[in-house]
Amino acid sequence: MNSPLHLDGQLLIGQRSLAGIPAAFHAVDPASGRTLEPAFSAAAPEDVDHAAALAQQAFDPYRQTTGEQRTVFLERIAAGIEALGDTLIERAMAETGLPRARLEGERARTTAQLRLFAEIARTGLWQPVVVDSALPDRQPARRPELCMRMIPLGPVAVFGASNFPLAFSVAGGDTAAALAAGCPVIVKAHPSHPGTSEWVARVLQAAAAACDLPLGVFSMLAGPGHDVGERLVSHPAVQAVAFTGSRAGGLALCRLAQRRPQPIPVYAEMSAINPVFAFPNALAARGDAIASGFVDSLLMGAGQFCTNPGLVVGVGGPEWDRFSAAVAEALAQRPAATMLNTGIHKAYRAGVDRLAAMTGVARVGEGQGSAGTCAAQAAVFQTEAATFLATPALHDEVFGPCSLLVRCRDLAQMRELAEHLDGQLTATLQLDGVDNEAARQLLAILERKAGRLLVNGFPTGVEVAHAMVHGGPFPATSDVRSTSVGSRSIDRFLRPVCYQDFPASLLPA
């Protein structure tokens, strides 16, 4: 491995740095448009095949490691990421335009995820064992002894996300869960932050070597287009895919995985508008505070969170009007923020322009403008519930600091609107005690629509904990049964095996 003070732009496959297709792409500073050095290699088809073959060879030896061995591995990764210090943070700032405080917080979340899964590996919480004792005298037929345990699926392809260069990237939650389960990981790094990805990948490479793990337990591939990811998902060694990103990207991977001779699961976390239902009494009691909290949540990270509150629903009247005015006032005081790359910025501008041109949609307010290369001016629009229900395009996410307020004529129409929503990652209730009965009538609908329900908060900020669910019905995710955050995210990379009438000497430890 090279000095930790130098990026070489190469692929990291097993314990080697490989050139791949040299000088294939550069990172770009989204705040200035400046090209960042060095040039990065892209994986050629034979590089993908090499990484996949190593992962396949590593699978049986790695899945047979003890929980304590995996714990030490994950803890070494966490410590190594922290040891990079400002080297990592400054490169991530340059490649993403995100501020230091946000990235330092994300680094802390990343290492917390790794340590959570290290503890899960140590305690064996991921490995329930179920035994049905034999019933030799049962009539008309004996029952055999049955033992069931969970085993890892196999090599996992993890796609780094653009909006979380640490927590949903090379050593993010998907990687941590797969490694804790006993699955080798091949990461397809996001091309927007290749230097950040290389720093972290070197930490994983060094930790695998220090723990004397099989060569293919971890590799990182890179490339600016779709070819690398498509070949990776199509490779017969890969047994599962974890993805965080756009609906188009997630669905493309799902189609690819299903066309294989052996279809495999794709755990894709895609798009959501995360509705907030603001009840009348809550708006009457604290409408200004709700407006302020909503704007803070909407603008967090330039609106580039999958849990961004893209829809607020309420009942028309004086309280709603005061709330809308308070949103506009708070928004006007907020400066533009740099988005992650030119592609995301262009798509955001197109989404805002599309809303502005729709019949029956009015602009409530906007943030301050900027001439920056990827600067996003926040925007909030408003429409009537009837228009929203009749216009499917209004249900689509605009990724960035943009949201839609929807005014209902009464609580019954609010429930009707909820019934017509797509699957969501979150749904939020802003209520006071006297709103509880109305909220109860809405709750049964929202349980069918979302993976996480909140009261008197905002959906941005996903706690890394045992009870957390970061998932939801399609199209929020491709698999409604799973979560990509929290300890249960390890379940995605495990499957059950039953042992019937095994002698104790042959049963797994």
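Me: A disulfide is a pair of cysteine sulfur atoms within 2.5 Å. With that rule in hand, what does the count of disulfides come to?

Reply: The count comes to 0 disulfides. Do keep in mind that this is a predicted model.

Me: How do you know that the sulfur of Cys183 is too far from the closest cysteine sulfur for a bond?

Reply: Set the distance against the cut-off. A disulfide needs two sulfur atoms within 2.5 Å, but the closest cysteine sulfur to that of Cys183 belongs to Cys211 and is 17 Å away, so the pair is too far apart for a bond. Cys408 is likewise in no disulfide, with the sulfur of Cys402, the nearest one, 18 Å away.

Me: Why is Cys183 called buried, and why does Cys408 get that word too?

Reply: Buried means under 20% relative accessible area. Cys183 has 0%, so it counts as buried. Cys408 has 2%, and therefore it is buried as well.

Me: Let's turn to the sheet. In what order do the strands of the open sheet of 7 strands run?

Reply: The order is β2-β1-β9-β8-β7-β10-β11, and the pairing is mixed.

Me: What makes strand β1 and strand β9 a pair?

Reply: Two strands pair if there are at least two bridges between them. β1 (residues 11-13) and β9 (residues 218-221) have 2 bridges, in the antiparallel sense, so they qualify as a pair. Within this pairing, Leu12 stands opposite Met220 in β9.

Me: Which strands does α1 touch where it packs on the sheet?

Reply: α1 touches β1, β2, β8 (185-188) and β9, and its direction makes about 30 degrees with that of β1.

Me: How are α1 and α7 described as a helix pair, and at what angle do their axes cross?

Reply: Two packed helices are described by the angle between their axes and the distance between the axes. Here the axes of α1 (residues 45-63) and α7 (residues 227-234) come within 10 Å and cross at roughly 40 degrees. The crossing is right-handed.

Me: Which residues of α1 and α7 meet?

Reply: From α1 come Pro45, Val48 and Asp49, and from α7 come Val228, Arg231 and Leu232. By class, this contact has 4 nonpolar, no polar and 2 charged residues.

Me: Why is Asn456 called partly exposed?

Reply: The term covers values between the buried limit of 20% and the exposed limit of 50%. Asn456 has 38%, so it is partly exposed. It is found in the loop between β20 (450-455) and β21 (494-500), and its phi is near 55 degrees, positive in a residue that is not glycine.

Me: What makes Asn341 count as buried?

Reply: Its relative accessibility is 17%, and the limit is 20%, so Asn341 counts as buried. Asn341 sits in the loop between β14 (337-338) and α11 (342-356). Beyond residues up to four places away in sequence, Asn341 touches Pro30, His190, Ser192 and Cys374.

Me: And how do you know that Ala176 is buried?

Reply: Ala176 has a relative accessible area of 0%, against a limit of 20%, so it is buried. This residue belongs to helix α5 (residues 173-181). Setting aside neighbours within four places in sequence, Ala176 is in contact with Leu74, Gln113, Leu114 and Phe117. Ala176 and Ile77 are 99 residues apart in sequence, with 9.5 Å between their C-alpha atoms.

Methods:
Residues are numbered from 1 along each chain as its sequence is written. This is a predicted model: local features need pLDDT of at least 70, side-chain atom pairs count only at pLDDT 80 or more; totals for chains, interfaces and linings use all residues. Side-chain values use heavy atoms; hydrogens and water are left out. Axes are lines fitted to C-alpha atoms, for helices over the stretch in contact, and angles run from 0 to 180 degrees between N-to-C directions. Helices (H or I, at least four residues) and strands (E, at least two) are DSSP runs, numbered from the N terminus. A crossing is left-handed if the near helix is turned anticlockwise from the far one by less than a right angle, and right-handed if clockwise. Contact means heavy atoms within 4.5 Å. Ala, Val, Leu, Ile, Met, Phe, Trp, Tyr, Cys and Pro count as nonpolar, Asp, Glu, Lys and Arg as charged, and the others, Gly among them, as polar. Buried means under 20% relative accessible area, exposed over 50%, partly exposed in between (1.4 Å probe, protein chains only).
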